[in-house]
Amino acid sequence: MRIRTSFLPVFALLAFASLAGAQSPEPPTDVVISDTPNDAGQSVEVYWALSETDIFNPLNTNVKETDPEMIVATYSIERKVANTHGADVSDEDSNWRKVSEAGAGESHWTDRSVHMGWSYDYRVCSVDNQGDASTWCDAHASVTPTMQAFNMAKAWLAIFMLVFGLFIAYFINHARTGKKLWVRKIAGLEAIDEAVGRATEMGRPVLFVLGIQDINEIQTLAGLTVLSRVARTAAEYGAQIEVPTCRSLVMAAARETVEAAYLSAGAPDAYQPDRIHYLTDEQFAFVAGVTGYMVREEPAACIYMGGFYAESLILAETGNHIGAIQVAGTAMPSQLPFFVASCDYTLIGEEFFAASAYLSGDPLQIGSLKGQDYGKFLSVLILLIGIFFATTVSLTETDESAGFGAGALNYIKYNMLGSEGLGSFGSGETDIEGDDS
Amino acid sequence: MSTDTPQKSNALIWGIIFLVGAIMLVWSMTTSRTGQVWITPEQQAFTADAEGKYSATDSPAPGDIKWTTYNVVPDSELTQEAIDSGSATLSWSRTIGLWLSAIFTLFILSFLVGDNPAYKFAEAMVVGTSAGYVMVIGLWDVFVPLLWGKLMPGFVQMAFLPGMDASGGTQWLYIVPAILIVMLLFQLMPAGGWISRWPIAFFIGITAGYRMIGYVEADLVAQIRAGIVPLWITGESGFEFWPTFNAILLTVATFSAMVYFFFSIEHKGLVGKTARLGIWFLMITFGASFGYTVMGRIALLAARLEFLFGEWLHFIPTS
Amino acid sequence: MLLAVAIPILMKTVFPEVVSKQAKMVFDAIDDLPDGSRILMSYDFDPASQGELLPMAQAFTRHCSVKGHKQYYMALWPLGSPMVDLSIDTIESEYPDMVYGEDYVKFDYKTGGEAVIRMITQDLRGMFELDSKGVSLDDIPMTKNVKNIQDMDLIINVSAGDPGTKQWVQFAATPFGIKTVSGCTGVQAPQMYPYIPEQLAGVLGAIKAAAEYEAAIDIAYPSIAANPKAQEAKRRMGPQLVAHCLMIILILIGNWIFFMSRKRGQA
Amino acid sequence: MKRTVPLIIAIVAGFVLLIANFIPFAEGWGLTAQEWFNILAVGAMILGGGNLIKLHLMKISGQRKGWGYSIVTIGCFVGTLIFGLFKIGVHPNEIYPSVAWSGYYLESGSGLWWIYQHMIVPLTSMMFAMLAFYVATAAFRAFRAKNTEATLLLVTAGIVLLGRTYAGVWLFDGWLPESMQWLRFDNLTVWIMDIPNTAGTRAITIGIALGVVATSLRILLGVDRSYLGQD
């Protein structure tokens with residue numbers, strides 16, 4: 001008898017548990033809605049606190065004892081149009097309508113299907129694996145998505161771009177007034193003149209490849225500037241220059257560039273437009289054409305300046321094979337190893353852009369290069385300051401969000417270089433939820 | 001690639017390779033259905049309901065829309081029984097296709113012995129077919145839904161894209177890109193090529209606009225942010241040497257490599273030494289990049305050989 | 001080189017794989033998402049690079065399917081669409097429970113490259129009014145409530161060049177903070193490392209990483225481990241090993257000749 | 001007309017996109033410009049096709065060297081175009097079987113599919129796979145330890161090559177003490193990728209970003225007009 005009675009509370013518990021399971025999971029709480037900040041009024045943010053029977057809820061301390069039938073599977077979000085300010089609205093929208101579902105453990109959803117200026121109500125409930133839903137938790141007030149005049153999250157980005165633009169504009173202007181701007185020598189550039197000279201001596205042509213990208217690619221434009229200088233040198237020495245191109249627009253631009261170079265070198269009659277020709281758009285067919293030319297004509301100098309892909313290897317390898325002096329320049333990091341390994345000189349990344357500015361002799365280009373350098377200087381400075389504060393914080397082992405060092409670090413990382421806008425200094429973290437008041 | 005090796009030994013090596021290949025091919029053809037593709041037909045039928053909506057049906061009635069599609073029978077399911085009962089038939093078009101693709105693969109491979117007509121023929125085909133293919137998809141995937149469908153929604157919905165919403169009528173704003181395309185094609189004319197500068201300028205302006213933002217955001221600002229690391233790292237058990245060493249090295253390497261790219265300072269003295277250190281780190285970077293590239297290139301070759309040995313010759317099981 | 005690659009293929013040698021940090025990061029990025037998450041899969045490669053990328057693309061598809069993620073396929077390369085078809089074939093044959101329109105959907109190729117990415121971060125329908133079967137996005141259950149790709153939980157990008165991972169990082173991952181993982185060719189992989197972990201949640205570089213990723217999936221999901229088709233990258237590591245060794249030997253011989261000839265030149 | 005209008009177009013288009021990033025009101029303009037851009041990209045494709053035909057027709061009519069191959073190219077181009085544009089062998093869409101032209105142009109079994117499967121795939125992928133041989137010859141002929149820089153490059157490449165196969169594990173199996181495990185090529189490769197490679201690439205990335213920004217600014221400020229050519 002005694003044994004039987006001791007079982008009773010257990011039975012009662014089981015009965016209670018099954019009853020609760022048949023009911024539904026606990027509802028989510030504190031549904032907060034707000035207009036998405038810094039947007040064009042096209043979305044609304046919905047936040048809620050997790051249900052007590054959500055196993056991802058940190059407040060749900062004994063997860064294992066959560067009734068399996070009450071465990072939240074999803075949250076269901078419903079929406080209703082509260083006020084359209086006179087605009088017509090469909091019946092479907094003016095009643096509660098399910099707009100989304102979020103998985104267990106999620107407490108935020110962005111509604112991107114709202115009309116600017118209309119007011120909306122939201123409510124959220126939790127649903128368990130059996131499909132039983134909890135009671136609804138309503139948001140306290142309705143929300144009206146509005147458009148902001150300026151995207152404050154990108155304020156620092158705008159500042160950087162402005163500062164950068166000013167640097168470049170200032171130096172371009174500076175150069176225009178005729179002041180000489182100093183730029184360091186770039187090793188590969190002397191090699192180009194040397195290569196053209198050798199080609200003249202040997203009576204062989206100079207091959208110039210502008211990469212395989214189209215005219216809207218910056219590297220192709222930089223390559224054209226280098227081409228102009230090479231063509232002028234070739235015209236002065238009386239060497240032949242061969243320019244096969246992969247795009248018809250590049251061919252047109254290259255012809256104009258070379259013609260102008262021959263003109264300025266005083267040898268317009270030596271200009272042969274047919275030597276600058278379009279082969280094909282297809283990458284490997286283009287390479288096959290160029291390498292075929294290289295093997296047949298054995299140019300004494302091969303110059304590759306522009307955007308290259310897989311063909312870089314084939315070109316440089318063939319050039320190496322025929323024993324030509326090779327100079328390359330590209331901003332394609334993936335192709336640099338091949339050029340570095342098999343060419344005599346390689347202009348690496350930014351050096352290539354710099355070389356084009358340097359060669360052009362155009363004060364505007366050199367000015368912008370100078371501005372670029374100042375931009376780099378600014379970047380290094382910010383990086384240094386950031387590392388300094390990061391190290392200080394780490395050395396002093398203070399709490400991440402306290403003290404001046406930590407405040408400065410956070411400001412640099414999340415405001416200046418992040419997306420939290422101008423914010424206020426020292427607040428550690430800024431309010432990312434924005435406010436509608 | 002091997003134009004500098006003596007032609008004789010080259011020819012010998014290739015002779016042996018082709019001989020071995022031919023023997024294997026004959027052996028494989030006698031033992032299995034090498035280079036054959038077998039198919040089974042499948043009947044598709046669609047019947048309309050009262051509202052004119054179609055649905056698939058297994059028992060087609062007269063007036064329903066019907067056609068037949070063919071499924072490839074995998075090697076493992078191809079039994080003599082299936083062949084005898086006629087449920088599996090040899091697909092001539094696919095078998096010829098398979099052989100052609102193998103032959104084309106070998107044509108290109110023949111470039112290894114030097115430039116030759118077979119390679120040139122294959123190359124000419126690549127250029128033609130890929131240009132044609134790209135144009136076809138450009139027209140069906142972009143031109144029809146995004147341009148034609150906006151200018152003549154009714155017709156496009158009726159003829160090509162029944163699922164499209166044509167209730168909005170013609171969207172006249174799209175006449176602008178249509179005109180720009182026509183202007184672009186002036187490039188092909190002997191004269192008047194300058195007209196194409198308008199769309200090209202539009203192209204370049206847009207590219208400059210969004211590239212600038214993209215690069216500043218992802219490659220400048222975000223990279224500076226990623227570079228901010230503490231140079232003194234402590235873990236649960238206090239100071240940790242290796243993470244600290246790595247952090248310092250990362251920072252030093254980034255700085256020295258950036259110094260190399262300064263153009264307003266002469267590379268002399270300390271700056272020169274730093275720049276030299278920078279170039280060393282760049283070389284390590286290129287070495288890593290080279291290693292990865294080699295890995296990728298070899299994978300491509302492996303895949304092609306798997307095709308030859310698997311799908312075509314059936315030496316290894318196809319997947 | 002031909003033999004170095006051919007013989008191991010015929011021998012079918014398979015080596016054990018150790019899951020590296022990067023492969024684990026990519027695996028976790030997909031595995032840690034709750035089941036049924038929305039994943040955008042952009043296939044930016046063509047048949048020319050399928051030898052490097054298809055095994056990992058298929059591994060992504062299997063992993064997402066076994067997790068029950070909703071998969072949105074698209075391609076920025078004109079020849080990428082047929083690559084998507086291959087993955088869809090895999091879903092149809094190996095995961096017949098997945099329903100088109102509810103669990104996976106395919107969008108057509110669109111011209112414009114990175115401009116397409118920029119567009120769909122704001123407005124998906126501006127680029128894809130219809131799916132590849134010509135059905136309006138509003139009539140497809142899994143796209144009905146998607147306004148733009150900021151609604152995605154993860155972007156998986158399989159890329160062979162330009163436009164590719166760099167563009168996804170520049171125009172989707174960085175400005176909108178959409179979590180992104182990348183599977184890319186060996187050529188690109190080293191350039192992606194500076195983006196990890198903030199702008200990219202992980203990167204798989206070429207066939208080796210694909211093999212490691214396959215190994216990671218195999219450990220977690222025995223059903224995939226039992227599928228011989230899901231071991232393609234691992235199988236390819238045999239030829240890879242022999243060819244890499246051959247490369248090293250070639251470099252060494254080349255340098256030996258170089259030094260010998262230089263010595264003789266000096267003497 | 002020839003230079004001023006395009007210049008204005010480029011500047012306006014570029015600035016609209018810039019502003020759209022910062023001012024929500026202008027977002028819509030940015031999207032429209034972007035959509036036009038994407039459509040215009042098809043125009044570039046058609047232009048590419050046109051150029052191809054023009055070039056090869058000129059070659060054929062001039063009977064220049066290799067004009068026979070030009071016939072093959074044009075034949076393949078036109079053939080692919082016909083099969084693709086007329087959707088030869090394509091069945092209607094299963095959802096709309098009554099609309100004859102609604103099918104998928106690359107349906108399995110159709111004409112374009114055949115061309116794709118049996119010509120484009122083997123040709124382009126084998127073309128690309130040939131790079132493996134170039135890499136091999138380049139390794140033999142070009143990758144020489146000429147100086148410190150080249151040596152660094154080669155040593156790193158060697159470590160990465162071995163570290164990314166089973167050889168990295170296998171070479172060191174058994175004899176390396178536990179404390180020296182970091183020297184294993186596979187572990188060393190991970191370290192090279194994480195530290196020196198990340199640093200070097202970061203420096204290059206930042207540099208290129210600045211270069212791109214400067215060039216874009218030059219275009220948007222109208223300083224760089226090289227794309228406009230001469231009059």
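1. Aromatic pairs. Over all chains, the count comes to 40 aromatic pairs by this rule. Rings of Phe, Tyr and Trp (its six-membered ring) pair if their centres lie within 6.5 Å; planes under 30 degrees apart are stacked, over 60 edge-to-face, and the rest tilted.

2. Basis. This is a predicted model: local features need pLDDT of at least 70, side-chain atom pairs count only at pLDDT 80 or more, and totals for chains, interfaces and linings use all residues. Residues are numbered from 1 along each chain as its sequence is written, chains are lettered from A and ligands numbered from 1 in the order in which they are written, and side-chain values use heavy atoms, with hydrogens and water left out.

3. A tilted pair in chain A. Trp156(A) and Phe160(A) have ring centres 5.9 Å apart and planes at 45 degrees, a tilted aromatic pair. Both residues sit in helix H3 of chain A, four residues apart, about one turn of the helix. Helices are DSSP runs (H or I, at least four residues), numbered from the N terminus. Trp156(A) and Phe160(A) are both buried. Buried means under 20% relative accessible area, exposed over 50%, partly exposed in between (1.4 Å probe, protein chains only).

4. A stacked pair in chain B. The planes of Phe241(B) and Phe245(B) meet at 25 degrees, with centres 6.1 Å apart, so this pair is stacked. Phe241(B) and Phe245(B) are four residues apart in helix H8 (residues 241-260) of chain B, and so about one helical turn separates them. Phe241(B) is partly exposed because its relative accessibility is 47%. Phe245(B) is partly exposed too, at 34%.

5. A cluster across chains. Trp140(B), Phe143(B), Trp148(B), Phe155(B), Phe160(B) and Trp101(D) make up one aromatic cluster.

6. The A–B interface. Chain A puts 52 residues into the contact and chain B 47 residues; contact means heavy atoms within 4.5 Å. The two chains bury about 4,600 Å² between them, 72% of it on carbon and sulfur atoms. Buried area is the accessible area (1.4 Å probe) that two parts lose on being put together, summed over both.

7. Charge at the interface. The rule finds one salt bridge across the interface of chain A and chain B. Glu217(B) bridges to Lys154(A), with the closest N and O atoms 3.5 Å apart. The criterion is a side-chain nitrogen of Lys or Arg within 4 Å of a carboxyl oxygen of Asp or Glu.

Notes: Helices (H or I, at least four residues) and strands (E, at least two) are DSSP runs, numbered from the N terminus.
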